[in-house]
Amino acid sequence: MARNTEFSLRVLLSVDAVGYGTGDDQRHRAIQTGLLAVLDHAAAQAGLDRSAWAKQQAGDGELAILPADQSDREPVVVDDFVRELSVALARHNEDLKDEARLRLRLAIHFGAVAPGANGYVGKGVVTVSRLVECTQIKNALRMMHTANLAVILSAQVFNDVVVPRYTALPRTAFREVPVRHKEFAEPAYLLLPGYDIAALELPATEGGEPSGAAETQADTGSSEPGPSNGGRQATVSTTVNGNVTMPHGVIGMVWNA
């Protein structure tokens with residue numbers, strides 16, 4: 001079997017815009033234009049050449065793969081690019097109404113990638129795509145309505161770049177979250193630039209994914225989820241000691257096998 005010589009390890013970014021599906025054609029056009037503008041500006045300010053990136057665009061998002069000779073740019077991407085993207089978004093949204101703001105989710109990973117017949121393939125592509133679509137990062141932006149950007153790092157990037165202090169971002173700026181999306185199940189590290197991510201009450205069930213009730217709670221901003229009885233009919237049990245007089249009363253009794 002021939003070895004695939006096109007395989008390589010790359011820095012991968014996946015970005016997605018919030019609210020694209022609910023907008024009309026004009027909103028779609030504004031999101032697409034704004035998305036490319038802030039990405040180009042942030043990369044230029046961080047000293048990164050986006051013209052050299054391999055890009056797979058999808059209207060409201062983009063999968064970007066840095067060149068092989070830039071595989072050591074993880075610290076720049078995590079530190080400088082994220083900072084400049086946050087600044088670019090703030091400036092872009094400054095004079096816009098709340099419903100017109102551009103808000104982004106960004107996932108960063110370092111992993112295997114290779115060109116395919118209809119885009120790019122590889123475990124790295126799968127990982128970064130699952131991270132940007134996970135419920136945890138979506139909930140973070142739902143619950144922090146004033147935030148323009150949420151960033152999620154794979155465990156590999158966090159451990160390779162943040163933990164050894166190759167960036168100006170302290171590890172306490174991130175929050176470990178369990179991510180379970182489709183076949184993907186790994187821990188990841190969430191960042192809300194300008195906000196204390198640790199103070200955010202992210203709902204989660206065992207395995208890391210929020211339940212339906214928790215997602216509703218995140219959408220409405222309610223911190224008091226209603227009671228759940230698992231779909232069973234509610235019952236009341238009363239114990240009475242002594243004699244009971246009940247003229248015209250009816251007592252029902254149920255025995256559970």
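Helix 1 and helix 2 are oblique to each other. The model is a predicted one, and in it the axes of these two helices come within 8 Å and cross at roughly 135 degrees. Angles over 145 degrees would count as roughly antiparallel and those from 65 to 115 as roughly perpendicular, so the pair is placed in the oblique class. The crossing of helix 1 past helix 2 is right-handed.

The residues that meet can be named on both sides. Helix 1 contributes Gly 34, Val 38, Leu 39, His 41, Ala 42, Ala 43 and Gln 45, while helix 2 contributes Phe 81, Glu 84, Leu 85, Ala 88, Leu 89, Arg 91 and His 92.

In soluble globular proteins, nonpolar side chains tend to be buried together. The largest nonpolar core here has 40 residues, and those touching the most other members are Leu 13, Phe 81, Leu 85, Leu 104, Leu 106, Ile 108 and Leu 153. Two or more residues of this core come from each of strand 1 (8–17), helix 1 (25–45), helix 2 (74–93), strand 4 (104–116), strand 6, helix 5 (155–162) and strand 8 (184–191). Helix 2 gives the most, with 8 residues. Another core lies apart from this one and has 26 residues, including Leu 63, Val 132, Leu 190 and Ile 197.

Two single residues come next. Ser 154 belongs to strand 6. Its relative accessible area is 4%, so Ser 154 is buried. Leaving out residues up to four places away in sequence, Ser 154 touches Ile 108, His 109, Phe 110, Leu 131 and Tyr 189. Gly 116 is in strand 4. With a relative accessible area of 34%, Gly 116 is partly exposed. Gly 116 and Glu 6 are 110 residues apart in sequence, but their C-alpha atoms are 9.8 Å apart in space.

How far can the model be read? The chain has a mean pLDDT of 80, and 75% of its residues reach 70 or more. Confidence is highest in strand 6 (residues 149–154), at a mean of 98, and lowest in helix 6 (residues 212–220), at 38. Over residues 205–240 pLDDT stays under 50, and the model has 26 contacts beyond four places in sequence for this stretch. Where pLDDT is low, the predicted coordinates should not be read in detail.

How values were computed. Residues are numbered from 1 along each chain as its sequence is written. Side-chain values use heavy atoms; hydrogens and water are left out. pLDDT is the predictor's confidence in each residue, from 0 to 100. Helices (H or I, at least four residues) and strands (E, at least two) are DSSP runs, numbered from the N terminus. Contact means heavy atoms within 4.5 Å. A nonpolar core is a set of buried Ala, Val, Leu, Ile, Met, Phe, Trp, Tyr and Cys residues joined through side-chain atoms within 4.5 Å. Buried means under 20% relative accessible area, exposed over 50%, partly exposed in between (1.4 Å probe, protein chains only). Axes are lines fitted to C-alpha atoms, for helices over the stretch in contact, and angles run from 0 to 180 degrees between N-to-C directions. Angles under 35 degrees count as roughly parallel, over 145 as roughly antiparallel, 65 to 115 as roughly perpendicular and the rest as oblique. A crossing is left-handed if the near helix is turned anticlockwise from the far one by less than a right angle, and right-handed if clockwise.
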